[in-house]
Amino acid sequence: MISSKNLIYHELIGLNVEIIDSSAESLIGIKGKVIDETKKTLMIETSDKNEKLVAKDVSIFQFEVPDGTYLEVDGKILLSRPEDRIKKRYKKI
């Protein structure tokens, strides 16, 4: 089960997300559901059914995990293919 302690090891597709900070000012405030993920990008479907392609390394994301809590994640931590993230070791936060 996805929780705040293990989010970075799980698939992000299907989670609600909001961009809370970014070096690209136009990306701040985009929110919606993650519909695709690659090594360097997230595809977010917004509430008006538009799709936005967002680079992971320039943004800080706020994910809503299934238990209803919110978790802020720096996109630089997510820079890898989803299937490779499970193999990585991260420092405890």
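Author: A residue is called buried when its relative accessible area is under 20%, exposed when over 50%, and partly exposed in between (1.4 Å probe, protein chains only). The model here is predicted: local features need pLDDT of at least 70, side-chain atom pairs count only at pLDDT 80 or more, and totals for chains, interfaces and linings use all residues. Residues are numbered from 1 along each chain as its sequence is written, and side-chain values use heavy atoms, with hydrogens and water left out.

Reader: Is F61 buried or exposed, and how do you know?

Author: F61 has a relative accessibility of 0%. That is under 20%, so F61 is buried. F63 also comes to 0% and is therefore buried.

Reader: What makes F61 and F63 an aromatic pair, and of what kind?

Author: Rings of Phe, Tyr and Trp (its six-membered ring) pair if their centres lie within 6.5 Å; planes under 30 degrees apart count as stacked, over 60 as edge-to-face and the rest as tilted. This rule gives a count of one aromatic pair. It consists of F61 and F63, with 5.9 Å from centre to centre and 35° between the planes. The distance is within 6.5 Å and the angle falls between the two limits, so the pair is tilted.

Reader: Which residues make up the two faces of β5?

Author: Strand β5 covers residues 59–64; strands (E, at least two residues) are DSSP runs, numbered from the N terminus. S59, F61 and F63 lie on its covered face, and I60, Q62 and E64 on the uncovered one. In a regular strand the side chains alternate between the two faces of the sheet.

Reader: How do you know that β5 pairs with β1 and with β6?

Author: Two strands pair if DSSP finds at least two bridges between them. β1 (residues 16–22) and β5 have six bridges, in the antiparallel sense, and D21 stands opposite I60. β5 and β6 (residues 70–74) have five, also antiparallel, with Y70 as the bridge partner of E64. Both counts reach the required two, so both are pairs. β5 and β6 form a hairpin with five residues between them, and G68 in the turn has a positive phi of about 95°.

Reader: What makes β4 and β6 the edge strands?

Author: The open sheet has six strands in the order β4-β3-β2-β1-β5-β6, with antiparallel pairing. β4 (51–55) and β6 each pair on one side only, and this makes them the edges.

Reader: Why is E72 called exposed?

Author: E72 lies in β6. Its relative accessible area is 54%, which is over 50%, so E72 is exposed. Apart from neighbours within four places in sequence, E72 is in contact (heavy atoms within 4.5 Å) with I20, F61 and Q62.

Reader: How do you know whether T46 is buried or exposed?

Author: T46, in strand β3, has 11% relative accessibility; this is under 20%, so T46 counts as buried. T46 touches I30, K31, G32 and K52, leaving out residues up to four places away in sequence.

Reader: What is meant by the largest nonpolar core, and which residues have the most contacts inside it?

Author: A nonpolar core is a set of buried Ala, Val, Leu, Ile, Met, Phe, Trp, Tyr and Cys residues joined through side-chain atoms within 4.5 Å. The largest one has 19 residues, and L7, L12, I19, F61, F63, V73 and L78 have the most contacts inside it. β1, β3 (41–46), β5 and β6 each supply at least two of its residues.

Methods. Helix = DSSP H or I, 4+ residues; strand = E, 2+ residues; numbered from the N terminus.
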